[in-house]
Amino acid sequence: MIANARRNRFRRVAIGAAVVVAVAGMNGPALWRFGSERYHEYAIDRPEYKASSGHWDFLDVPADFRVNAIHAALLHTGKVLLIAGSGNNQKNFDAKKFESVLWDPKTGNFKKIPTPKDMFCAGHTQLPDGKLLVAGGTKRYEKLEGDVTKAGGLMIVHNEDPDKPITLPAGTRFTGKANGKTFVSKDPVLVERATKVFDRNTGRFLHNTPGLGRIYVEAERSGKAYETGTEDNYRVAGMKGSDARNVYGIAQKLALDKKDFQGIREAYEFDPVAEKYVTVDPMNEARWYPTLTTLKDGRVLALSGLDEIGQIVPGKDEIYDPRTKKWTYTGTERRFPTYPAIFLMSNGKLFYSGSNAGYGPADVGRDPGIWDLGTNTFTKVPGLSDPDRMETSATVMLPPAQDQRFMVIGGGGVGESDKASAKTRLVDLKAADPRFRDGAVLEKGTRYPSASLLPDDTVFVTGGSEDYRGRGGSDILQARTYDPRTGTYKRVADPRVGRNYHSGSLLLPDGRVMIFGSDSLFSDPANTRPGVFEQRIELWTPPYLYRDGGRPELGEGPRRIARGTTGVFRTQQSAAITSAKLIRPSAVTHVTDVDQRTIALTLKKTAGRVELGVPKNRALVPSGWYMLFVTDARGTPSEARWVEVP
């Protein structure tokens, strides 16, 4: 009986297998793919796989709260602010539909935040008091060549009157003295009064230096006939008497060529407790794609970006003081491409890695180096490989920040280039003669990689594409962790969604990583259908949260620890804890995040408690709120506690 049962079972299995083969033959690869996908889902859900490679989940975002998230910042309340502004959507911009959403990872709740201006492509950074500074954004969308119907460009307005400034309203008409063509200003402009110049030795008056104002103008009428080919002087309509002589415009070629995005001056502080934007004084310069970097004293440096007429801001760096809420020029004129990756070093100087998000001349401000803002001296750091493929690369300060080592990941050619780099470049800024060297190599050339520091002192790297904005279906569905101690990458679970332009990632207080955004140029590999902004948000749970034995826990302890002092925290796992660190929360956009850093703390253990020491160096530990993690010997972290360093 047993033998017959075995023969019958073997016969059923054989028949079943034959049926599967037959059906597969009739249905082609579709059934095979279905089976492969089912097996893949089974495999990645196995506990041993999660403990080795982590796991991806989609965040359940209700339809009313799905936005084109361009920017994200982790706040000291533990909530995440997602900023879309107009979300790279001209219709939203025209309708003044500007959006921000607040997400609470603890409760899963979402909240819409009234957004006063188009913060699309603004800059942001964490302030010492825990607020988020947001500055710049979009004044006008770009128009591609062929879509421009009215000739336009930059008009420089001169005021030779030393006694008074002149304000010209939007709609002011400028008529060329030689070409007779009329152009109309799109915005108001203030032109300062002229400056009297005297001979230093005799005191004799020499001449007036005109006050200057920059304004974007468009032809009064459409058509190629209203283009200009050469520089001309322009009379200002409505001017009479001496004003007619003293106030005039000068413009170079005004044409139907491509018009770039234009920036705004507005700045805001987002209050995490009140959960609203608070208006502060505007910047002196309009900026679109600027970088904001916190300095040693807590003030914020704003630099680069496209100005109010769509040209790269010609230096004119400025500093925001959170105490006075005012902006002042630094007096420096250093030029960088937009969204330059500029980090505060432990000696108070600034490091520019060469990473940027594009816009700007290919031969200006591209070299990496160390910048002393006080003396405005810039020392180039040599050895960078693939120097022509630094746009859309990511840069991180490797943990711990005390080591002052940086890693540059991937990147691409200038503009819409199809070039991409697979290289990882490393530099030790504490070396006597800092120089880049190549590190571990990615599998593919990668533009737009996202990189987040993890509490186990590794770096999580995910996403990106091989070509500009994912062109040709080139998104890279891979993720890996980088270990600075061994200098190696380790492949982990693959994400479900491709991420390229307008994407980013940030570490959450519970140790997971949030990945958002992506703005593909096309939605198909043949590049025939326009892309659709990716509104799905993914969460990656690292392997350390799937290990047996649980995670360390930090109990009661101080909410405030001054630099150079210690804080004592209760814990039942003091014997197992091997390290402690502060991680500065992210403020990321366009894979640029100059805020995040990991600072190693001193650790003393006694029964039932740990004593943690914060370094004295203000440039190493800027004032503000930090996530405090402790880890065990396996690298398993606690959930973060929020600690303020005054």
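Analyst: Let us begin with the pockets. This is a predicted model, and its largest pocket has a volume of about 1100 Å³.

User: Which residues lie nearest the centre of the largest pocket, and how many line it?

Analyst: The lining comprises 40 residues, and those nearest the centre are Asn-88, Glu-142, Tyr-468, Arg-469 and Tyr-501. Sorted by class, the lining of this pocket consists of 16 nonpolar, 14 polar and 10 charged residues.

User: What is the volume of the second largest pocket, and which residues are closest to its centre?

Analyst: The second largest pocket has a volume of about 840 Å³. It is lined by 30 residues, with Lys-139, Pro-188, Arg-265, Ala-286 and Glu-308 closest to the centre. The class composition of this lining is 13 nonpolar, 4 polar and 13 charged residues.

User: Which element gives the most to the lining of the second largest pocket?

Analyst: Strand S16 does, with 4 residues. Elements that each supply at least two lining residues are helix H4 (90–94), strand S8 (138–140), strand S13 (189–191) and strand S16 (211–219).

User: Let us turn to the interior. What tends to happen to nonpolar side chains in soluble globular proteins?

Analyst: In such proteins, nonpolar side chains tend to be buried together. In this model, the largest nonpolar core holds 36 residues, of which Val-80, Phe-460, Met-514 and Trp-540 touch the most other members. Strands that each supply at least two residues of this core include S2 (71–74), S3 (80–85), S4 (99–103) and S47 (624–632). Strands S38 (503–507), S39 (513–517) and S40 (538–541) also each supply at least two, and S39 gives the most, with 4 residues.

User: Beyond its neighbours within four places in sequence, what is Phe-460 in contact with?

Analyst: Its partners include Trp-56, Leu-454, Val-492, Val-513, Ile-515 and Trp-540, as well as Arg-480 and Thr-481. A second, separate core of 34 residues includes Val-381, Met-397, Val-594 and Val-643.

How values were computed. Residues numbered from 1 in each chain as written. Predicted model: local features only at pLDDT ≥ 70, side-chain atom pairs only at ≥ 80, totals over all residues. Heavy atoms only, no water. Core = buried A, V, L, I, M, F, W, Y, C linked by side-chain atoms within 4.5 Å. Buried < 20%, exposed > 50% of the residue type's maximum accessible area, 1.4 Å probe, protein only. Contact = heavy atoms within 4.5 Å. 1 Å grid on protein atoms, 1.4 Å probe; cavity = no way out; pocket = protein on both sides within 12 Å on 5 of 7 lines; lining within 4 Å. Points joined across faces, edges and corners; volume = space filled by probe spheres on them. Nonpolar A, V, L, I, M, F, W, Y, C, P; charged D, E, K, R; others polar.
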